[in-house]
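Let's take a walk through this protein together. Please have the sequence and the structure open side by side, and follow along.

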Amino acid sequence: MSNWLEEGWRHVWLPYAQMQTAPLPLPVARTEGSAIHLEDGRVLIDGIASWWTACHGYNHPHIAQAVSAQLARVPHVMFGGLAHEPAYRLSTRLAALLPEPLNRVFFTDSGSVAVEVAIKIAVQSRLNRGERGRTKILAFTGGYHGDTFGTMAICDPEEGMHAMFTGLLPEHPVIPLPRDEASTAAFDAFLEANAHTLAGIIIEPLVQGAGGMVLHPPQVLRHLRRAADAYGLTLIFDEIFTGFGRTGTMFAFEQAGVAPDIITLSKALTGGTLPLAATIATDALFEAFLSASPSTALMHGPTYMANALGCAAANASLDLFEREPRLAQVAAISAQMARELAPCRALPGVVDVRVLGAIGVVELAEIANPAALRMALVAQGVWIRPFRNILYLTPAFTISPDELSHLCAAIFRVLS
């Protein structure tokens, strides 16, 4: 065992892990493309792009050069009262990628905080206009939006990770998605009875990621847009997972032909290099915060807000989306995964195989020992992290066909 791992193990606190029984993590020496090189010489093909972030693969030279150049100029300055070119250029570019009303970009440093800001905008915009009592956000079963107290309150309280905090968290309604006739009728009835208490609706467009990679069709988003318009609600699309090509379009909502009032972005925003997130709102919402009174301002400001290094990485990542055929690569990945994961349907214990863009899922009846399954996959030379009852692939868009075949074959062999 490496000295740094042995010594640090006595002090580090791992995410989503019971430290009493958690196995030692694998020490990484370096990364390259879709490969993770371990200190012991083994090389793993990364099937999940470090929680869906490294969309261009690891160590892309264009992003590395941009961050290095920015480090030599301005690594960070406070965003209150000072400005730097990478953040202002990035906000302009993000607004240009989105439908016209989505023009105002608020930078944060994590997806959870981006959602917190979205909630705050939805509620405070009403308070600033003199509306009282509409402070709830409607969320959906199977949804996940973060681990902070504000975002835990709009995650699924039964299926999620945060049930123990019931009673401490703010209470928001969480109901089934309007997927079919019965759930749509229930959704419509809920709004009819409760819209007067709601500030907004939040959803992960097309796929509920941490809820089990559960898919829903674009018409769900269209129905939510109509409902939000009918009742005057702020519609929030949480595209922290789905944004930047993961579902096959630059943003998932494009497949529904409707737009949100607020969108949250993170994960692949910097190509998996530095922490950065953004909450982007319409001009109309922004204008609700404008007045002569300081009390109507959006009182939020993370210390590392609009970090210059992160913004430089994000601008470089957008360069790559413009210069290189990322969406075509996603389409090829999607077709290959659909073809090569299909044999898993015949395996005992497999209940579903589904693919959307560069997301491939093998759903099992149960996973009794996720850690043992993960290590069996490591023995096949791949890094895949099962959770709940699924094995999933969210590879870099630059992964080679041979590497992707190795990932799909490893899943089949291990499940066999």
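This is a predicted model: local features need pLDDT of at least 70, side-chain atom pairs count only at pLDDT 80 or more; totals for chains, interfaces and linings use all residues.

**From an annotated loop to a buried helix face**

Is Pro-302 buried or exposed? Its relative accessible area is 18%, so Pro-302 falls under the 20% limit and counts as buried. Setting aside neighbours within four places in sequence, Pro-302 is in contact with Phe-106, Phe-107, Thr-108, Asp-109 and Val-113.

Thr-303 has its place in the loop between H9 and H10 as well. Thr-303 has 63% relative accessibility, which is over the 50% limit, and therefore counts as exposed.

Under "binding site", an unreviewed UniProt entry lists Gly-111, Ser-112, Asp-238, Pro-302 and Thr-303.

Of the 27 residues that line it, Phe-79, Val-105, Phe-106, Phe-286 and Met-305 are the closest to its centre. Helix H4 (85–97), strand S4 (102–108), strand S12 (277–282) and H9 each supply at least two residues of this lining. Phe-106 links two parts of the picture: it is in contact with Pro-302, and it is among the lining residues closest to the pocket's centre.

Rolling a probe the size of a water molecule over the atoms shows where empty space is left. How many cavities of 30 Å³ or more are there? The count comes to 1, and the largest cavity has a volume of about 40 Å³. Its lining is made up of Gly-33, Ser-34, Asp-46, Ala-49, Ala-54, Gly-57, Tyr-58 and Ala-396.

Next, find His-37 in strand S2 (residues 35–38). With 15% relative accessibility, His-37 counts as buried. Leaving out neighbours within four places in sequence, His-37 is in contact with Val-28, Ala-29, Arg-30, Glu-32, Arg-42 and Val-43.

Going back to helix H10, you will find Phe-321 there. Phe-321 is buried too, at a relative accessible area of 13%. Not counting residues up to four places away in sequence, Phe-321 touches Cys-55, His-56, Phe-244, Met-250, Arg-326 and Phe-397. For a sense of scale, Phe-321 and Asp-156 are 165 residues apart in sequence and 33 Å apart in space, C-alpha to C-alpha.

Our last stop is helix H13 (residues 401–415). H13 has 15 residues and reaches 21 Å from its first C-alpha to its last, close to the 21 Å expected at 1.5 Å a residue. Which residues of H13 are buried? They are Leu-404, Leu-407, Cys-408, Ala-410, Ile-411 and Leu-415. These residues cover an arc of only 150° around the axis, so they lie on the same side of H13. An α-helix has 3.6 residues a turn, so residues three or four places apart point the same way. On the other side of H13, Pro-401 and Asp-402 are exposed.

Notes
Residues are numbered from 1 along each chain as its sequence is written. Side-chain values use heavy atoms; hydrogens and water are left out. UniProt positions are given in the numbering used here, feature names are shortened, and annotations may be inferred rather than shown by experiment. Buried means under 20% relative accessible area, exposed over 50%, partly exposed in between (1.4 Å probe, protein chains only). Contact means heavy atoms within 4.5 Å. Helices (H or I, at least four residues) and strands (E, at least two) are DSSP runs, numbered from the N terminus. The expected span of a helix is 1.5 Å times one less than its number of residues. The arc is that of the directions from the helix axis to the C-beta atoms. On a 1 Å grid over the protein atoms alone, a cavity is a set of points where a 1.4 Å probe fits but cannot get out, and a pocket is an open set with protein on both sides within 12 Å along at least five of seven lines; lining residues have an atom within 4 Å of a point. Grid points are joined across faces, edges and corners, and a volume is the space filled by probe spheres set on the points.
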